[in-house]
Amino acid sequence: MQICPRGNFGCNIMKKIRNDEISPNKRSLNTKPFSLSSSSSRPSRRAVLCGVSYNKGKFRLKGTINDVRNMRDLLINSFRFQEEGIIVLTEEEKDEMYSPTKKNIQKALEWLVNDCRKGDSLVFYFSGHGLRQPDFNNDETDGFDETICPVDFLKEGMIIDNDINSIIVKPLKEGVTLHAIVDACHSGTILDLEMTWEDNRPPSGARKATDGGLAICLSACQDNQLASDTSAFTGNTMNGVMTYVLAEIVNKHPGLSYGDLLDLIYERIEEVKKNDCLINTNFLRRFFKDKLSQKPTLSSSGRFEVYKKHFIL
(Lines give C-alpha, C1' and ligand atoms only; values in the text may rest on other atoms or scores of the structure.)
Protein backbone atom coordinates (compact mmCIF):
# COMPACT_ATOMS: atom_id res chain seq x y z
CA MET A 1 0.00 0.00 0.00
CA GLN A 2 1.23 3.46 -0.90
CA ILE A 3 0.25 7.04 -0.15
CA CYS A 4 1.34 10.28 -1.76
CA PRO A 5 0.30 13.75 -0.60
CA ARG A 6 -0.62 16.04 -3.48
CA GLY A 7 1.15 19.10 -2.13
CA ASN A 8 4.65 20.22 -1.18
CA PHE A 9 5.57 17.38 -3.57
CA GLY A 10 5.99 15.14 -0.53
CA CYS A 11 6.12 11.86 -2.47
CA ASN A 12 9.56 12.84 -3.73
CA ILE A 13 10.77 13.53 -0.20
CA MET A 14 9.43 10.25 1.18
CA LYS A 15 10.41 7.75 -1.46
CA LYS A 16 10.55 7.09 -5.17
CA ILE A 17 7.17 5.83 -6.27
CA ARG A 18 6.77 3.54 -9.26
CA ASN A 19 4.86 5.17 -12.11
CA ASP A 20 2.59 3.17 -14.38
CA GLU A 21 3.91 3.26 -17.92
CA ILE A 22 1.78 5.14 -20.42
CA SER A 23 0.72 2.69 -23.10
CA PRO A 24 0.84 4.03 -26.65
CA ASN A 25 -2.11 1.76 -27.52
CA LYS A 26 -4.59 3.20 -25.03
CA ARG A 27 -7.72 4.62 -26.63
CA SER A 28 -8.23 8.37 -26.46
CA LEU A 29 -10.92 9.50 -24.01
CA ASN A 30 -11.85 12.33 -26.39
CA THR A 31 -14.31 11.70 -29.22
CA LYS A 32 -13.71 14.80 -31.36
CA PRO A 33 -11.66 18.04 -31.34
CA PHE A 34 -13.15 20.97 -29.47
CA SER A 35 -13.44 24.52 -30.76
CA LEU A 36 -14.54 27.75 -29.11
CA SER A 37 -16.50 28.60 -32.26
CA SER A 38 -18.70 25.46 -32.23
CA SER A 39 -21.02 26.42 -29.36
CA SER A 40 -24.21 25.81 -31.36
CA SER A 41 -23.58 22.06 -31.53
CA ARG A 42 -22.51 21.53 -27.95
CA PRO A 43 -24.71 19.53 -25.56
CA SER A 44 -26.23 21.22 -22.53
CA ARG A 45 -24.18 18.97 -20.25
CA ARG A 46 -20.47 19.66 -20.71
CA ALA A 47 -17.37 18.79 -18.73
CA VAL A 48 -13.63 19.44 -18.71
CA LEU A 49 -11.64 16.75 -16.89
CA CYS A 50 -7.94 17.36 -16.18
CA GLY A 51 -5.58 14.76 -14.77
CA VAL A 52 -1.94 15.79 -14.46
CA SER A 53 0.71 13.15 -13.74
CA TYR A 54 3.85 15.28 -14.34
CA ASN A 55 5.49 12.26 -15.97
CA LYS A 56 8.43 14.17 -17.43
CA GLY A 57 9.42 15.88 -14.18
CA LYS A 58 10.30 15.00 -10.61
CA PHE A 59 6.88 15.78 -9.18
CA ARG A 60 5.11 12.67 -10.45
CA LEU A 61 1.66 11.55 -9.32
CA LYS A 62 0.19 8.12 -9.97
CA GLY A 63 -3.52 8.38 -9.22
CA THR A 64 -4.60 11.23 -11.48
CA ILE A 65 -5.31 9.21 -14.63
CA ASN A 66 -7.40 6.75 -12.64
CA ASP A 67 -9.24 9.72 -11.13
CA VAL A 68 -10.14 11.12 -14.55
CA ARG A 69 -11.40 7.75 -15.75
CA ASN A 70 -13.51 7.33 -12.61
CA MET A 71 -14.98 10.81 -12.97
CA ARG A 72 -15.70 10.33 -16.68
CA ASP A 73 -17.48 7.04 -15.97
CA LEU A 74 -19.51 8.70 -13.20
CA LEU A 75 -20.65 11.53 -15.47
CA ILE A 76 -21.65 9.19 -18.30
CA ASN A 77 -23.23 6.38 -16.29
CA SER A 78 -24.85 8.32 -13.44
CA PHE A 79 -25.57 11.81 -14.82
CA ARG A 80 -26.32 11.23 -18.53
CA PHE A 81 -23.35 13.14 -19.93
CA GLN A 82 -22.53 12.31 -23.54
CA GLU A 83 -18.97 11.42 -24.58
CA GLU A 84 -18.86 14.28 -27.09
CA GLY A 85 -19.63 16.75 -24.30
CA ILE A 86 -16.58 15.77 -22.26
CA ILE A 87 -13.05 17.07 -22.86
CA VAL A 88 -10.25 15.10 -21.19
CA LEU A 89 -6.79 16.58 -20.72
CA THR A 90 -4.10 14.09 -19.67
CA GLU A 91 -0.56 13.16 -20.64
CA GLU A 92 -1.91 9.89 -22.06
CA GLU A 93 -3.57 11.70 -24.95
CA LYS A 94 -1.56 11.58 -28.17
CA ASP A 95 -2.93 14.86 -29.56
CA GLU A 96 -1.05 17.81 -28.06
CA MET A 97 -4.26 19.83 -27.85
CA TYR A 98 -5.34 17.49 -25.03
CA SER A 99 -2.13 17.78 -23.01
CA PRO A 100 -2.87 19.44 -19.62
CA THR A 101 -0.68 22.50 -20.26
CA LYS A 102 -1.57 25.88 -18.83
CA LYS A 103 -2.66 27.14 -22.25
CA ASN A 104 -4.77 24.07 -23.02
CA ILE A 105 -6.47 24.06 -19.61
CA GLN A 106 -7.39 27.73 -19.95
CA LYS A 107 -8.65 27.18 -23.50
CA ALA A 108 -10.76 24.20 -22.39
CA LEU A 109 -12.26 26.22 -19.53
CA GLU A 110 -13.18 28.97 -21.98
CA TRP A 111 -14.86 26.32 -24.15
CA LEU A 112 -16.78 25.04 -21.12
CA VAL A 113 -18.54 28.33 -20.36
CA ASN A 114 -18.55 29.93 -23.82
CA ASP A 115 -22.10 30.96 -24.78
CA CYS A 116 -23.52 29.17 -21.75
CA ARG A 117 -27.30 29.19 -21.64
CA LYS A 118 -30.15 28.58 -19.20
CA GLY A 119 -30.37 24.89 -18.37
CA ASP A 120 -26.69 24.14 -19.00
CA SER A 121 -24.93 21.89 -16.48
CA LEU A 122 -21.15 22.33 -16.53
CA VAL A 123 -18.42 20.39 -14.72
CA PHE A 124 -14.75 21.23 -14.21
CA TYR A 125 -12.69 18.45 -12.67
CA PHE A 126 -9.01 18.68 -11.77
CA SER A 127 -6.70 16.04 -10.29
CA GLY A 128 -3.10 17.07 -9.73
CA HIS A 129 -0.84 19.23 -7.61
CA GLY A 130 -2.15 22.31 -5.85
CA LEU A 131 -0.12 25.01 -4.12
CA ARG A 132 -0.47 28.42 -2.45
CA GLN A 133 1.22 31.76 -3.01
CA PRO A 134 1.02 35.13 -1.23
CA ASP A 135 -2.00 37.27 -2.09
CA PHE A 136 -1.08 40.82 -3.02
CA ASN A 137 -4.62 41.97 -3.92
CA ASN A 138 -6.15 41.75 -0.44
CA ASP A 139 -8.91 39.47 -1.73
CA GLU A 140 -8.06 36.40 0.37
CA THR A 141 -9.11 36.13 4.02
CA ASP A 142 -6.07 33.95 4.80
CA GLY A 143 -3.57 36.03 2.81
CA PHE A 144 -2.88 33.34 0.19
CA ASP A 145 -4.02 32.66 -3.36
CA GLU A 146 -4.68 29.00 -4.09
CA THR A 147 -3.39 27.48 -7.34
CA ILE A 148 -3.52 24.42 -9.55
CA CYS A 149 -0.40 23.21 -11.36
CA PRO A 150 -0.54 22.43 -15.09
CA VAL A 151 1.98 19.94 -16.47
CA ASP A 152 4.20 22.85 -17.60
CA PHE A 153 3.84 24.96 -14.44
CA LEU A 154 7.61 25.20 -13.89
CA LYS A 155 7.91 27.03 -17.22
CA GLU A 156 4.53 28.70 -17.73
CA GLY A 157 3.43 29.19 -14.14
CA MET A 158 0.46 28.04 -12.10
CA ILE A 159 -3.20 28.90 -12.62
CA ILE A 160 -4.37 30.95 -9.64
CA ASP A 161 -7.84 31.05 -8.12
CA ASN A 162 -8.43 34.62 -9.32
CA ASP A 163 -8.01 33.50 -12.94
CA ILE A 164 -10.19 30.41 -12.51
CA ASN A 165 -12.92 32.61 -11.04
CA SER A 166 -12.67 35.06 -13.94
CA ILE A 167 -12.78 32.34 -16.60
CA ILE A 168 -15.51 29.99 -15.38
CA VAL A 169 -17.42 31.68 -12.53
CA LYS A 170 -18.08 35.27 -13.61
CA PRO A 171 -19.52 34.37 -17.06
CA LEU A 172 -22.21 32.05 -15.63
CA LYS A 173 -25.64 33.33 -16.67
CA GLU A 174 -28.94 32.83 -14.89
CA GLY A 175 -30.08 29.23 -15.05
CA VAL A 176 -26.57 27.85 -15.62
CA THR A 177 -25.00 25.60 -12.98
CA LEU A 178 -21.29 24.89 -12.70
CA HIS A 179 -19.78 22.21 -10.48
CA ALA A 180 -16.04 22.18 -9.86
CA ILE A 181 -14.52 19.10 -8.24
CA VAL A 182 -10.87 19.65 -7.39
CA ASP A 183 -8.74 16.83 -5.98
CA ALA A 184 -5.60 18.77 -5.10
CA CYS A 185 -3.84 20.16 -2.05
CA HIS A 186 -4.82 23.62 -0.75
CA SER A 187 -7.99 23.55 -2.86
CA GLY A 188 -10.61 24.67 -0.34
CA THR A 189 -11.33 28.03 -2.00
CA ILE A 190 -9.81 27.33 -5.41
CA LEU A 191 -12.76 29.01 -7.19
CA ASP A 192 -12.86 31.96 -4.78
CA LEU A 193 -16.56 31.41 -4.17
CA GLU A 194 -18.04 33.63 -1.50
CA MET A 195 -20.16 31.09 0.37
CA THR A 196 -18.42 28.37 2.37
CA TRP A 197 -19.06 27.12 5.89
CA GLU A 198 -17.43 30.45 6.78
CA ASP A 199 -17.68 33.90 5.17
CA ASN A 200 -15.18 33.95 2.29
CA ARG A 201 -15.98 37.35 0.82
CA PRO A 202 -12.79 39.21 -0.22
CA PRO A 203 -11.55 41.81 2.30
CA SER A 204 -10.88 44.16 -0.64
CA GLY A 205 -14.53 44.02 -1.70
CA ALA A 206 -13.59 42.58 -5.10
CA ARG A 207 -16.53 41.05 -6.99
CA LYS A 208 -16.24 37.27 -7.26
CA ALA A 209 -19.87 36.52 -8.14
CA THR A 210 -21.45 34.91 -11.21
CA ASP A 211 -23.58 36.70 -13.81
CA GLY A 212 -26.72 35.17 -12.34
CA GLY A 213 -25.76 31.48 -12.48
CA LEU A 214 -24.76 29.11 -9.68
CA ALA A 215 -21.24 27.83 -9.06
CA ILE A 216 -20.59 25.02 -6.57
CA CYS A 217 -17.18 23.63 -5.70
CA LEU A 218 -16.30 20.41 -3.91
CA SER A 219 -12.63 20.50 -2.87
CA ALA A 220 -10.50 17.65 -1.57
CA CYS A 221 -9.33 19.59 1.49
CA GLN A 222 -9.19 22.95 3.17
CA ASP A 223 -6.78 25.67 2.02
CA ASN A 224 -4.18 24.79 4.64
CA GLN A 225 -4.34 21.01 4.13
CA LEU A 226 -2.86 18.37 1.84
CA ALA A 227 -4.86 15.92 -0.27
CA SER A 228 -3.69 12.34 -0.70
CA ASP A 229 -3.36 9.55 -3.24
CA THR A 230 -3.66 6.01 -1.89
CA SER A 231 -3.83 2.39 -3.02
CA ALA A 232 -5.92 1.48 0.04
CA PHE A 233 -9.19 1.21 -1.89
CA THR A 234 -8.09 -1.15 -4.66
CA GLY A 235 -4.90 -2.68 -3.28
CA ASN A 236 -2.90 -2.20 -6.47
CA THR A 237 -3.76 1.11 -8.16
CA MET A 238 -3.44 4.64 -6.86
CA ASN A 239 -6.46 6.93 -6.60
CA GLY A 240 -7.16 10.36 -5.22
CA VAL A 241 -8.88 9.84 -1.88
CA MET A 242 -11.65 12.37 -2.41
CA THR A 243 -12.38 11.35 -6.02
CA TYR A 244 -12.58 7.64 -5.24
CA VAL A 245 -14.78 8.13 -2.18
CA LEU A 246 -17.06 10.60 -3.99
CA ALA A 247 -17.66 8.20 -6.90
CA GLU A 248 -18.11 5.25 -4.54
CA ILE A 249 -20.76 7.03 -2.48
CA VAL A 250 -22.67 8.55 -5.42
CA ASN A 251 -22.85 5.16 -7.15
CA LYS A 252 -24.05 3.47 -3.98
CA HIS A 253 -26.45 6.22 -2.83
CA PRO A 254 -27.82 8.18 -5.81
CA GLY A 255 -29.92 11.26 -5.07
CA LEU A 256 -28.12 12.36 -1.90
CA SER A 257 -28.24 15.95 -0.71
CA TYR A 258 -25.01 17.93 -0.69
CA GLY A 259 -24.94 17.81 3.10
CA ASP A 260 -25.49 14.06 3.27
CA LEU A 261 -22.87 13.49 0.58
CA LEU A 262 -20.28 15.55 2.44
CA ASP A 263 -21.07 13.79 5.71
CA LEU A 264 -20.61 10.37 4.11
CA ILE A 265 -17.33 11.46 2.51
CA TYR A 266 -16.07 12.60 5.94
CA GLU A 267 -17.10 9.30 7.49
CA ARG A 268 -15.45 7.20 4.78
CA ILE A 269 -12.17 9.11 5.00
CA GLU A 270 -12.16 8.82 8.80
CA GLU A 271 -12.80 5.08 8.46
CA VAL A 272 -9.79 4.71 6.18
CA LYS A 273 -7.65 6.83 8.50
CA LYS A 274 -8.52 4.67 11.50
CA ASN A 275 -7.25 1.67 9.58
CA ASP A 276 -3.95 3.51 9.02
CA CYS A 277 -4.52 3.45 5.26
CA LEU A 278 -3.63 7.09 4.74
CA ILE A 279 -0.87 7.43 7.31
CA ASN A 280 0.92 4.11 7.34
CA THR A 281 4.33 4.95 8.84
CA ASN A 282 5.51 6.81 11.90
CA PHE A 283 7.71 8.91 9.60
CA LEU A 284 4.66 10.19 7.71
CA ARG A 285 2.87 11.01 10.93
CA ARG A 286 5.86 13.06 12.13
CA PHE A 287 6.56 14.73 8.78
CA PHE A 288 3.02 15.77 7.82
CA LYS A 289 1.48 15.83 11.31
CA ASP A 290 -2.21 16.76 10.92
CA LYS A 291 -1.99 17.83 7.30
CA LEU A 292 -3.00 14.40 6.03
CA SER A 293 -6.26 14.84 7.92
CA GLN A 294 -7.88 16.19 4.79
CA LYS A 295 -11.38 17.55 5.15
CA PRO A 296 -13.28 17.96 1.85
CA THR A 297 -14.90 21.37 1.58
CA LEU A 298 -18.06 22.67 -0.08
CA SER A 299 -18.33 26.24 -1.36
CA SER A 300 -20.83 28.09 -3.50
CA SER A 301 -21.55 31.39 -5.22
CA GLY A 302 -24.96 31.51 -3.54
CA ARG A 303 -26.76 30.25 -0.47
CA PHE A 304 -28.83 27.06 -0.54
CA GLU A 305 -30.08 24.44 1.92
CA VAL A 306 -27.32 21.81 1.79
CA TYR A 307 -29.52 19.08 3.34
CA LYS A 308 -32.42 19.77 0.97
CA LYS A 309 -30.71 20.40 -2.38
CA HIS A 310 -29.77 17.20 -4.20
CA PHE A 311 -26.31 16.61 -5.64
CA ILE A 312 -26.98 16.47 -9.38
CA LEU A 313 -24.37 17.16 -12.05
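Colleague: What should I know about the model before reading side-chain features?

Modeller: The model is predicted, so local features need pLDDT of at least 70 and side-chain atom pairs count only at pLDDT 80 or more, while totals for chains, interfaces and linings use all residues. Residues are numbered from 1 along each chain as its sequence is written, and side-chain values use heavy atoms, with hydrogens and water left out.

Colleague: When do rings pair, and how many aromatic pairs are there?

Modeller: Rings of Phe, Tyr and Trp (its six-membered ring) pair if their centres lie within 6.5 Å; planes under 30 degrees apart count as stacked, over 60 as edge-to-face and the rest as tilted. The structure holds six such pairs. In one of them, Phe 59 and Phe 153, the centres are 6.0 Å apart and the planes stand at 45 degrees, so the pair is tilted. Phe 59 is in the loop between β2 (45-51) and α2 (64-79), and Phe 153 is in helix α4 (residues 153-156), 94 residues apart. Helices (H or I, at least four residues) and strands (E, at least two) are DSSP runs, numbered from the N terminus.

Colleague: Are Phe 59 and Phe 153 buried or exposed?

Modeller: Buried means under 20% relative accessible area, exposed over 50%, partly exposed in between (1.4 Å probe, protein chains only). Phe 59 is buried at 15%, and Phe 153 is buried at 10%.

Colleague: Why is the pair of Tyr 258 and Phe 311 classed as it is?

Modeller: Their ring centres are 5.5 Å apart and the planes are at 85 degrees, so the pair is edge-to-face. Tyr 258 lies in helix α7 (residues 258-274) and Phe 311 in the segment after β12 (297-300), so the pair ties together parts 53 residues apart in sequence. Both Tyr 258 and Phe 311 are buried. Together with Phe 79 and Phe 304, Tyr 258 and Phe 311 form one aromatic cluster.

Colleague: Which charge lies over the face of Phe 304?

Modeller: A charge sits over a ring if NZ of Lys or CZ of Arg is within 6 Å of the ring centre and within 35 degrees of the ring normal. Lys 309 lies over Phe 304, at 5.9 Å from the ring centre. The charged end of Lys 295 sits over the ring of Tyr 266, 5.4 Å from its centre.

Colleague: In what order do the strands of the sheet run?

Modeller: Two strands pair if DSSP finds at least two bridges between them. Here six strands form an open sheet, β3-β2-β4-β8-β9-β12, with mixed pairing. Its edge strands are β3 (86-90) and β12, each pairing on one side only. β2 and β3 run parallel and are joined by five bridges; Cys 50 has Leu 89 in β3 as its bridge partner.
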